[in-house]
Amino acid sequence: MVEPRQGVLPDGELKELFEKGSISADRPLDADQIQPASLDLRLGTVAYRIRASFLPGDRRRVADVLEEPGLALHEIPLTDAGAVLETGCVYLVPLMETVRLPEGISGRANPKSSTGRIDVFTRLVTDRANAFDDIQEGYDGPLWLEISPRTYSILARPGDRLAQLRLRRGKPQNVSDLIVSIDMEAADGKPVGWRAKHHAGLIDLRAIGGHEVADYWEPLFPHKGRVVLNPEDFYILASRESVSVAPGQAAEMAPVAPELGEFRAHYAGFFDPGFGTNAGGSRAVLEVRSRDVPFILEHGQPVAKLVYEDMAGDPAALYGGKSSNYQGQRLKLSKHFA
């Protein structure tokens, strides 16, 4: 008997898990919900405004913790008309998908690219969890998403997709790393980045291309090949390097060593097979926030790393199709902006 390959599960195996009931949902899959190496996760029909983030620990379910006095401040129905999730608040939303993972299969979640680029912080929570974003092998239960809009309030509805799940057979196998540095060279008068405006308007998650850039962002231009990050401002920047992910691999953006700078780079970290391979190269777009003090970023400064691992099989489709918003990108805001 041939042992199945270890690594990140491709789209075909994700579909098989749905057919076998290892992944189930409150309604049928959306046509584009399964990506080459990940599954988009959909918001359910209620959001709980909570006093503080939490982990349930190895003895409690998430629902049990929510029932504790003083934690859930408000219950907000998510309807087709939409509900506003405000900046500075923390919400917990049950997802439409639940899982019953087979032996040997574990999961890891991450915000979608479009989520990170509008500065919405998300983390997956499971019952009896001691860590965010990880699903242990054999987990059987619901999935919850913690949501905290940082810069822009958002209008959310059931079925909106803010996070994605990657399933893996076996232990993570890091096959290579690529250090990513920042691009601070302006070309043809174009900005090297964007800084989010304070007190901007609401972002409707369904209004793709429906928001004017100037209402939410101001262009960022370097001085002598550098910019100074203001504490707690939010920036969209691009890597100096073009990056690509081969068809037989998947990648995740990860922080570099903390001693390289007092800032956080890149909230949304999954790169699917085929990214950057059919468009003459794509840059990594980075979501950056300085911590506590102003910080100088210079051209070529390392800011993150791309961690590659093997796929457990060949995906039926590679990144770069009609539903791929960021193939061939240079410096690009989220799909919500015109």
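Which residues are linked with Asp 30 in a network of salt bridges? Select Asp 30, Asp 32, Asp 40, Arg 42, Glu 97, Lys 112 and Arg 161: these residues make up the network. The model on screen is a predicted one. Across it, the count comes to 25 salt bridges.

**Stop 1**

To show the contact, select 34 residues from domain 1 and 30 residues from domain 2.

UniProt, in an unreviewed entry, lists residues 6–171 as "domain: 2'-deoxycytidine 5'-triphosphate deaminase N-terminal". Select that span and look at its ends: the C-alpha atoms there lie 8 Å apart.

**Stop 2: between the domains**

Domain 1 and domain 2 bury about 2600 Å² between them, and 55% of this is on carbon and sulfur atoms. Next select Arg 117, Tyr 152 and Arg 166, which supply 26% of the area that domain 1 buries against domain 2, more than any other three residues.

Seven salt bridges are found across the interface of domain 1 and domain 2. There are also 15 residue pairs in polar contact between the two domains. On the side of domain 1 that touches domain 2, the elements giving two or more residues are strand 1 (7–8), strand 8 (105–111), helix 3 (113–116), strand 12 and strand 13. Strand 13 gives the most, with five residues.

Now show Arg 150 and Glu 232, a salt-bridge pair whose closest N and O atoms are 3.6 Å apart.

**Stop 3**

Go to Glu 13 and Arg 169, which form a salt bridge with the closest N and O atoms 2.5 Å apart. Glu 13 is in helix 1 (residues 11–20) and Arg 169 in strand 13 (residues 161–169), so the pair ties together parts 156 residues apart in sequence. Are these two residues buried or exposed? Both Glu 13 and Arg 169 are buried.

Move on to Asp 204 and Arg 157, whose side chains meet in a salt bridge at 2.7 Å, N to O. Asp 204 belongs to strand 16 (residues 203–204), while Arg 157 is in the loop between strand 12 (154–156) and strand 13, so this pair ties together parts 47 residues apart in sequence. Arg 157 is buried, at a relative accessible area of 11%.

Finish at Asp 183 and Arg 283, where the salt bridge is 3.2 Å, N to O. Asp 183 sits in the loop between strand 14 (174–181) and strand 15 (193–196) and Arg 283 in strand 23 (residues 282–290), so parts 100 residues apart in sequence are tied together. Asp 183 and Arg 283 are both buried.

Conventions: Residues numbered from 1 in each chain as written. Predicted model: local features only at pLDDT ≥ 70, side-chain atom pairs only at ≥ 80, totals over all residues. Heavy atoms only, no water. Salt bridge = Lys/Arg side-chain N within 4 Å of Asp/Glu carboxyl O. Helix = DSSP H or I, 4+ residues; strand = E, 2+ residues; numbered from the N terminus. Buried < 20%, exposed > 50% of the residue type's maximum accessible area, 1.4 Å probe, protein only. UniProt positions renumbered as here; feature names shortened; annotations may be inferred. Contact = heavy atoms within 4.5 Å. Buried area = accessible area lost by both parts, 1.4 Å probe. Polar contact = N/O pair within 3.5 Å; in protein donor to acceptor, adjacent residues only side chain to side chain.
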